[in-house]
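Subject: Handover of a structure and findings

Dear colleague,

Please find below the structure that I am handing over to you.

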Amino acid sequence: MTLLDEGLVRAGASPPAMRSEPAGRSAEIAVLDRLLTRTRAGAGGAIVLWGEPGIGKSVLLAHVHDRAQGFLRLHHRAARPESDLLLAGIHGLLRPFTDRPVAPAATGYAAAEVAPDRRDESADRLRTGTAALSLFCRLAEDRPVLVVLDDAQWLDRASADCLGFVARRVQDHPVLVVLADQSDPSGRPWEGVTALQVRELAEGPARQLVTIVDPSAGAREVDETVRAAGGNPLALHETAATSPGGRQHVPAGRPSAGPRMRRAFRAGLDALGAPARLLTVLAAAEDDGDLLTVRRAAGASGADGAAWDEAVRAGLLHVDGCRVGFRHPVVRHAVYDSCDAELRRHAHRALAAAVPEDSEARAWHLAAAADDRDEAIATLLEHAAGRARLRGATTTAARALQRAAELSPSRAEASRRIGEAAFTAWDAGRVGTAAHLLEEAERLSPSPQAGPHGRGLRGILELARGMPERAHQHLTADLDRAPDRDTALELGLLAARAGWSAGRRDLQDAALERLHGPDLGADPALLATWRDDPASPAPVPSRDDLAARIRAAPPGLLPPPPLVLVWDVAEPAREVLQSRAPRLRRCSARSRLADVLVRSALLDALAGRVQEAESSAVEALALAEDLDADHIASEARNCLGRLAAVGGERHRVAETVERVLATSLPQGFRALTAVAYWNRGTAALLQDHPEEALDDLGRLAEPGHAASHPTIALLACLDTAEAAVQLERFEIAQERARVLDAWARHTGAPWARCTAHVVRGMLGGPDGEAAFRAALDVPGAAAQPLVHARARLLYGEWLRRGRRRTEARTLLAAAAEAFGRLGAEPLRRRALHEHDLTGLPGRSAGGTGRGLLTEQERRVARLAAEQMTNREIAARLRISHRTVGHHLGNVFAKLGISTRTELRSNGERSPARGAGDRRFSPDR
């Protein structure tokens, strides 16, 4: 055991065990290792490691201590309470030698010379420094000496002067002095000693540290922790050390500072003089980092140029042009959180006096400085919230209203303001915060009538993540307390949407009836589109008139996308929604943006705009998951599931259906459940599993079933009828045709007329061909390209089976081309197979079509022959995976093969599809 180790044991401490090399510190370690090597060779040196609290200086000191095997190791950590005790630091370093002879007489004499009991305040600094240097050099005669001193900012001045003297003079002796300080050494007692600033960790080592501290952290948690901590190892450790079950999401604008970070920065602040300390807190309290404002407040508080120099030299504060701030927000918040509360209030009062009287900043600073309720400040904050909302800063507006409520002397005013904060928080996408604030507003309300009602937030929250029937109850109750006509109209339609979502026509109709009264005067034509009952007596306007009314309506008055589709007004509704999205992005209205995006995605998906639908759905899903808006997330998953079903990705359909049903079934959200069943049924149908398809699709019209929903059942009529015909359940197909006929007569919707004709064509009989021809001749039917293409496919199959191959070939080729554009791979392959069966000239059974391949098809074929997946090929060629599927289908058809394995040998033709023995025939 070394003398230092023995001294540490006597002092109640133990030397650190051997540690692994600190991650991300290879450059610093290389410098320290070179110094150790040099000292072992007989030539010493000194270095000062400096940087902000928590940056890892102590870890590097421990590392150099571990590496100094064979050295006499002296170690001391300075402490603030001893910073005014003469030579306390030197005593801490030499404590193992003060009570025994440890070397020849000269060494003992030198130790005695620097012992605290032999010196007073008038001690000769030169004599002290010389004695300390002599002692270290004598000790180094036997073996190299390592002097390690941590938290040097707390050294008493005499010890600091002594160590600075030694550090500048040990180069010719095997003595290494390593100091750690928080401030730039320039202008300090060790000026002239080699200095190494310890900076923040790079992203890679920071991520490595997080995964070491919390191995269960997922990629998202690691990203958030690294972003929030700004490369400060202590901040990374404290944030990551939160248990996985209690980990909190770290907002981008407010990184958290843990207790050890706060203590470390509190020590750093205490090391500054009072003016520099105030200046640093002023900069931390000034959100915008405006140098002029901070200078003005600092000058009025007595912080002069010397305070600026000291604060900047301490390494915390940075001045860049007209900005003043900190290296990273976590440092700023650690400084702000660690300082004394009265010092914070003083800083905010000084800043409030330094900004214009009508500024939002003044309201915030006065609110931060307030220590009691104050209606004047609450009013200022409410006005600031209004201005923030106008410029799109909804999160800031919600915080301002919440703070205004806290400062309100009146319970009624507090309830009103916190209710406004709840609605603004919802708009900003903070669903959990909105629910909490709403409960607080209701608790503060002096009476139910004076509570935060009339805006319908309780029902809106329930519709986003709860039960639609309960949402209907809340929304209809708030309808009577709505502050104006527009709000009442919106709440009434939301109530109708809740009833529709629950599959309850009675609730839906009750809400719509309330909007017909003279007080609200809702547009009857627009209200008609909220109904899916062909027996409804409500007047139906012409399609052109209805489209014009849809284009003029706000997004909140538009019916849900499935109703828009059955009324065949998808295009004007899509225009309204897409024109709204950019404004919602600018305003940061994340909740409304997620709703608009998912509605646009559903309209695009069912209209065949695959890429636009996928892009909007993915963005809406990410927003909804972040907002905890479960039902909006399920709508987005249903949209992606629809694309997957049409695209032939049955495994993805199964994944989305499972996720959707886990939420929608317990909550009674039948509209979501019905779309999930429809997607699963469509996927089964297109993969030639009609029994499974009809089992799911039949539930959509089964009274009392959890997936029963009239609107979705109407949209799924073609899928249901085709599955039924394949299984020879003709009565089901006939019933679906009657439903379509009734809806077509009620609305005149082209898609319904076209689909009704197609179903009658599938049923066959003497009028079968006339029905198919009528389907293709319906004006406007092509607006739903997937339905129109399926009509061509089904008619082409009918003609081919009737041996009218030339007519069939034209229809099937057009259908295959349309399915390729729509990403409907199973239907495209089916159309190509049927096209092959018509006997396309130049395609012999044993030949190949390599010469017919385009250049892009050849590239896709080569990569597919290497057994690469569609997504891997897409990444290689920088195209979408759906485009890859389209090209690959063309390759298979042209080469007369059906598997990737056959691409290697380009072997015999293998049909892409079975003979379809269960499909309808022309004589049926």
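Helices and strands are named here as DSSP runs, a strand having at least two residues and a helix at least four, and they are numbered from the N terminus. Please note that the model is a predicted one.

**Overview**

The protein chain has 924 residues, of which 54% count as buried. Its secondary structure comes to 47 helices and seven strands. Among the contacts with a separation of 6 or more, 68% are between residues 24 or more positions apart.

**Two residues towards the start of the numbering**

One of the strands, β2, spans residues 72-77 and contains H76. Is H76 buried or exposed? Buried is the term for a relative accessible area under 20%; H76 has 13% relative accessibility and therefore counts as buried. Setting aside residues up to four places away in sequence, H76 touches A88, G89, G92, L93, V148, L149 and D150.

Helix α4 covers residues 88-94 and includes L94. With a relative accessible area of 5%, L94 is buried. The C-alpha atoms of L94 and A132 are separated by 9.5 Å, while the two residues are 38 residues apart along the chain.

As general background, nonpolar side chains tend to be buried together in soluble globular proteins. In this model, the largest nonpolar core holds 173 residues, and the members that touch the most others are L700, W751, V759 and F819. Helix α34 (residues 670-686) supplies the largest share of this core, with eleven residues. There is also a second, separate core of 47 residues, which includes A206, L236, L291 and L351.

Leaving aside neighbours within four places in sequence, A684 is in contact with R650, H689, E692 and A693. The C-alpha atoms of A684 and G648 are separated by 9.1 Å, with the two residues 36 residues apart along the chain.

**A mostly covered helix**

How many of the residues of helix α10 are buried? Seven of the eight residues in α10 (residues 233-240) are buried, and the helix is mostly covered. The buried residues are P233, L234, A235, L236, E238, T239 and A240. Among the elements that cover them are α8 (203-213), α9 (219-229), α11 (259-270) and α15 (329-338).

**Packing of helix pairs**

Two packed helices are described by the angle between their axes and the distance between the axes.

The residues in contact are M261, R262, F265, R266 and L269 of α11, together with V330, V331, A334, V335, D337 and S338 of α15. By class, this contact of α11 with α15 has seven nonpolar, one polar and three charged residues.

For helix α37 (residues 717-726) and helix α39 (residues 750-763), the axes come within 10 Å and cross at roughly 0°. An angle under 35 degrees counts as roughly parallel, and α37 and α39 are therefore roughly parallel to each other. From α37, the contact involves L718, A721, E722 and V725; from α39, it involves T755, V758, V759, M762 and L763. The classes here are seven nonpolar, one polar and one charged. V759 of α39 is also one of the residues that touch the most other members of the largest core.

The axes of helix α18 (residues 375-390) and helix α20 (residues 411-427) come within 12 Å and cross at roughly 20°. These two helices, α18 and α20, are therefore also roughly parallel to each other, and their crossing is left-handed. E375, A378, T379, E382 and R389 of α18 make the contact with R416, R417, E420 and T424 of α20. Which classes of residue make up this contact of α18 with α20? It has one nonpolar, two polar and six charged residues.

Yours sincerely

Notes:
Residues are numbered from 1 along each chain as its sequence is written. This is a predicted model: local features need pLDDT of at least 70, side-chain atom pairs count only at pLDDT 80 or more; totals for chains, interfaces and linings use all residues. Side-chain values use heavy atoms; hydrogens and water are left out. A nonpolar core is a set of buried Ala, Val, Leu, Ile, Met, Phe, Trp, Tyr and Cys residues joined through side-chain atoms within 4.5 Å. Buried means under 20% relative accessible area, exposed over 50%, partly exposed in between (1.4 Å probe, protein chains only). Contact means heavy atoms within 4.5 Å. Axes are lines fitted to C-alpha atoms, for helices over the stretch in contact, and angles run from 0 to 180 degrees between N-to-C directions. Angles under 35 degrees count as roughly parallel, over 145 as roughly antiparallel, 65 to 115 as roughly perpendicular and the rest as oblique. A crossing is left-handed if the near helix is turned anticlockwise from the far one by less than a right angle, and right-handed if clockwise. Ala, Val, Leu, Ile, Met, Phe, Trp, Tyr, Cys and Pro count as nonpolar, Asp, Glu, Lys and Arg as charged, and the others, Gly among them, as polar.
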